[in-house]
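Thanks for coming. I will take one model today and go through a few of its features in turn.

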Amino acid sequence: MPKKKIFITRRLPDAVEARARANYEVTQHADDRQVSIDELVETAKSVDALLITLNEKCRKDVIDRLPESLKCISTFSIGFDHIDLDACKARGISVGNAPHGVTVATAEIAMLLLLGSARRASEGEHMIRTRSWPGWAPLQLVGQRLDGKRLGIYGFGKIGQALAQRARGFDMEIHYYDIFRQPPDKEKGAIYHETLDSLLSVSQFFSINAPSTPETRYFFNKETIEKLPQGAIVVNTARGDLVKDDDMIAALKSGRLAYAGLDVFAGEPKINEGYYDLPNTFLFPHLGSAAIEARNQMGFEALDNIDAFFAGKELPFKLA
Ligand code: DGY
């Protein structure tokens with residue numbers, strides 16, 4: 001039987017590509033460039049499934065342009081805010097994501113952002129790299145310790161819980177808010193807040209770990225920031241559009257927020273200009289899942305969806 005054809009929009013780790021090529025006829029660009037939407041739609045005409053990334057924005061108008069023959073999209077990401085699931089359902093397209101591989105790697109980056117923000121890592125690095133270190137001094141780049149501080153986690157799914165586990169190792173006191181309270185074996189002593197406002201009011205450190213949905217988009221804004229303790233530190237490893245950038249930047253400039261550690265940005269890779277010159281930020285280019293163990297697992301999960309689809313089974317990580 002001829003192999004089914006799939007389009008993989010970007011280069012993936014060797015082990016993932018090897019598995020894909022063993023089972024499928026793979027269309028892929030060797031140069032790893034970002035594919036345009038036109039190219040995605042055009043290539044979809046000659047394949048049976050798409051393995052996309054979070055960069056390919058599959059809004060309704062894009063889904064509607066896909067050929068009738070295309071009935072499976074699997075995304076190499078836990079996030080699926082780039083795919084219009086309703087439009088896919090209407091077209092009978094099965095959609096799956098890669099929900100587990102990212103967990104530990106993203107929690108590690110959140111921890112790194114918490115530490116780097118508390119201890120002013122980017123300013124220290126900048127001082128060295130710009131050859132402007134005048135030598136050790138008692139008041140130079142003095143930050144704060146994490147131990148004994150309250151960490152508020154907004155979104156207590158797998159990543160939020162994995163962050164809590166790591167932060168406990170730094171003797172932080174864990175608080176969280178989510179739509180549902182987790183059972184004691186998942187809470188592991190974390191203090192549940194019934195409202196976001198309540199969580200904000202105690203969060204000396206605040207970590208955003210919620211998905212981007214119409215309900216959460218831009219929730220972190222002037223009003224929310226006002227509910228945090230003075231001089232709070234915020235980290236975001238979820239999605240950039242949860243934050244209203246202008247409000248965050250104003251609060252960082254005024255000192256209302258002491259520091260922000262950000263791995264994700266609205267409109268990536270073009271980020272709000274205001275961040276570039278703010279010294280009290282620790283900024284990463286969406287590194288959350290950028291660990292080989294995570295990227296391998298993400299790829300295998302994305303392929304598991306495609307395998308199931310062609311086997312006529314329910315997608316293991318089904319979104320639509
Ligand atoms: C995801 O999987 O959605 C992450 O943002 C990738 O790092």
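Is Cys58 buried or exposed? Cys58 is buried, at a relative accessible area of 1%; buried means under 20% relative accessible area, exposed over 50%, and partly exposed in between, with a 1.4 Å probe and protein chains only.

Before the rest, the ground rules. This is a predicted model, in which local features need pLDDT of at least 70 and side-chain atom pairs count only at pLDDT 80 or more, while totals for chains, interfaces and linings use all residues. Residues are numbered from 1 along each chain as its sequence is written, and side-chain values use heavy atoms, with hydrogens and water left out.

The structure holds 0 disulfides, a disulfide being a pair of cysteine sulfur atoms within 2.5 Å. For Cys58, the nearest cysteine sulfur is that of Cys88, 7.1 Å away.

Next, the domains. Contact, meaning heavy atoms within 4.5 Å, involves 8 residues of domain 1 and 7 residues of domain 2.

Now helix α11, residues 245–254. Helices here are DSSP runs of H or I with at least four residues, strands are runs of E with at least two, and both are numbered from the N terminus. Which residues of α11 are buried? They are Asp245, Asp247, Met248, Ile249, Ala251 and Leu252. These buried residues pack against α10 (222–227), β10 (232–236), β11 (257–262) and β12. After α11 comes Gly255, with a positive phi near 90°.

β12 also turns up in the last item, the second largest pocket. A pocket is an open set of points on a 1 Å grid over the protein atoms alone, where a 1.4 Å probe fits, with protein on both sides within 12 Å along at least five of seven lines; lining residues have an atom within 4 Å of a point. The second largest pocket holds about 190 Å³ of space. Its lining includes Ser122, Glu123, His126, Arg129, Tyr275 and Tyr276. Two or more lining residues come from each of α6 (121–129) and β12 (281–283), and α6 gives the largest share, 5 residues. By class, the lining has 5 nonpolar, 3 polar and 3 charged residues.

How values were computed
Grid points are joined across faces, edges and corners, and a volume is the space filled by probe spheres set on the points. Ala, Val, Leu, Ile, Met, Phe, Trp, Tyr, Cys and Pro count as nonpolar, Asp, Glu, Lys and Arg as charged, and the others, Gly among them, as polar.
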